Amino acid sequence: MSVGTPRGLASSGQKPITEILHPLSAAEESLSVTVNLGGDKEAGLTNGTPVETSSPASTSSLFNRLQLDDDLEADVRDPYAETTETRDLFVTVSDPKKHVSTMETYITYRVSTKTTRVEFDLPEYCVQRRYQDFDWLRTKLEDSQPTHLIPPLPEKFVMKGVVDRFSEEFVETRMKALDKFLKRIADHPVLSFNPHLNAFPNCQGMTTQDLNKRQGLALLTKVGESVKYVAGGYKLRARPAEFCAMGEYLDTFNQKLGTIDRIAQRILKEQSEYLTELREYGTVYSSWVGLEDELRRPLEGVAGCVTTCCGALEDLGENMSQDFLPVLREYVLYVESMKNVLRKRDQSQAEYEARLEAAILRKQEDRTPMPVEVEKCQDKVECFNADLKADWERWQSNKRQDFKQLLTGMADKNINHYEKCQAAWESLITLLQDKQTEDKTSETN
């Protein structure tokens, strides 16, 4: 095996050290730094995602347009992606249960698995798992598959007094996030065959007692890996252009998510305050009915309209807190996971460059053959590059689908909210008109 520049190692503005041994042609250099982060070069974020300028005229056209976009995108989808007909591993997280003991209180979730793979002893499994069990799985995947992007878990710790981690709303949101976590792993062409995933749904493969024994070691291993990649003693000369573009996109994307999250939190707070005032407003009209017998029906109508608007606004707020914000936070965590893989890739490249430079100096002095360690480092960098690019494209595809669904759902919820409010007030107008007609008839008689 010859030692040369790994795929994606060439950087703009600086010649790789391996050019001494294996100079790259201009075409190869251009190819090594070219990356399409989103598929198109139109207006949008750095990943090239085009900006839609036209807006649908109705809810039906919105969903039709989304379906058309999905059909068109199917032609350029990840070649490793599996359809429902070809998938052979299905995992579902459901049925959260609260457990109270003298030592602790915790929630378990039912993990149901169906598969036809020979790596599993049975076609179906059903076990109870805690959050820390999912955390154990993710740690093992990070340790055994360092070149791959591991999907994030929902954050474990919450602020006491702000969020009740045993509330029905919180548990439901976490259950959905854990379900998505396992489904993303099960759909991955590499991670889904990891032996630790095979052990996860198997009662005999991993018990809570076994997990507790290994948690301390897993934490030390995780900390050790972080120290290893952050303080490895090697300095990266220059990150290749394609991976620089990835890093810049992640920074911009993360900033956008953070801004949207902060504004959404303020909107939720203001909606909650407005909802409190609106309910009090409706109560005034209800109490007024007893004083004005002639205005009973109009006042009851106004109180009913306000009640309907309160319910519609409450549904809108629940959708934002339970469906919209969790997706934003998941992708904030995804950005951190992707940056972590990029840092590991950079450290591997820096180690390769340092070892290669030392080997070249030794070769010039005593003509010794290239050490095997250099070739291993090169293989590691190439593995990082290939796996990171593949996971990046898969992540971009999933992100597009997730946000299309998220934004379409948000539009649909807002339309439903305003339609309910409009229908309520229109019914009041009809009531008032009927009341006016009755009054005129009474005066005539």
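A charge sits over a ring if NZ of Lys or CZ of Arg is within 6 Å of the ring centre and within 35 degrees of the ring normal.

Figure 1. The model is predicted. R117 lies over the face of F193. The distance from R117 to the ring centre of F193 is 3.9 Å. K98 sits over a ring as well, that of F166. Here the charged end of K98 is 5.1 Å from the ring centre.

**Figure 2. Overview of the fold.** The protein holds nine helices and three strands. Along the sequence, the pattern reads α-α-β-β-β-α-α-α-α-α-α-α. The protein has 445 residues, of which 38% count as buried. Contacts with a separation of 6 or more come to 75% from residues 24 or more positions apart.

**Figure 3. D95 in strand β1.** Strand β1 covers residues 89–100, and D95 is found there. D95 is not a glycine, yet its phi is positive, at about 50°. The relative accessible area of D95 is 27%, so this residue is partly exposed.

Figure 4. Helix α8 spans residues 296–366 and includes R345. R345 has 0% relative accessibility and therefore counts as buried; the cut-off for buried is under 20%. Which residues is R345 in contact with, leaving aside its neighbours within four places in sequence? They are R239, P240, F243, V381, F384, N385 and L388.

**Figure 5. The salt bridge between R237 and E357.** Side chains of opposite charge can pair when their charged atoms come close. In this view the side chains of R237 and E357 meet, with a distance of 2.5 Å from N to O. R237 lies in the loop between α6 (208–230) and α7 (241–288), and E357 lies in helix α8, so the pair ties together parts that are 120 residues apart in sequence. R237 is partly exposed at 37% relative accessible area. E357 is partly exposed too, at 33% relative accessibility. The whole structure holds 24 salt bridges.

**Figure 6. The salt bridge between R329 and D261.** The closest N and O atoms of R329 and D261 are 3.6 Å apart. R329 belongs to helix α8 and D261 to helix α7, so this pair ties together parts that are 68 residues apart in sequence. R329 counts as partly exposed, with 35% relative accessibility.

**Figure 7. The salt bridge between E351 and R355 within helix α8.** E351 and R355 form a salt bridge whose closest N and O atoms are 3.1 Å apart. The two residues are four apart in helix α8, so about one helical turn separates E351 from R355. Is E351 buried or exposed? E351 counts as buried because its relative accessibility is 19%, against a cut-off of under 20%. R355 is partly exposed, at 31% relative accessible area. Elsewhere, salt bridges that share partners join K180, R184, E330 and D402 into one network.

**Figure 8. Aromatic pairs around W395.** A pair of aromatic rings is described by the distance of the centres and the angle of the planes. The structure holds 15 aromatic pairs. One of them is formed by F253 and W395, and this pair is edge-to-face. Its centres are 5.9 Å apart, with 75° between the planes. F253 lies in helix α7 and W395 in helix α9 (residues 372–444), so the pair ties together parts that are 142 residues apart in sequence. Both F253 and W395 are buried. W395 also pairs with W392, in a tilted arrangement. For W392 and W395, the centres are 5.4 Å apart and the planes are at 50°. W392 and W395 are three residues apart in helix α9, so about one helical turn separates them. W392 is buried, with a relative accessible area of 0%. W395 is buried at 2%.

**Figure 9. The aromatic cluster.** Which residues do ring pairs link into a cluster? They are Y249, F253, Y331, Y334, W392, W395 and F403. Within this group, F253 and W395 form the edge-to-face pair, while W392 and W395 form the tilted one.

Notes: Residues numbered from 1 in each chain as written. Predicted model: local features only at pLDDT ≥ 70, side-chain atom pairs only at ≥ 80, totals over all residues. Heavy atoms only, no water. Buried < 20%, exposed > 50% of the residue type's maximum accessible area, 1.4 Å probe, protein only. Contact = heavy atoms within 4.5 Å. Salt bridge = Lys/Arg side-chain N within 4 Å of Asp/Glu carboxyl O. Phe/Tyr/Trp six-rings, centres within 6.5 Å; stacked < 30°, edge-to-face > 60°.
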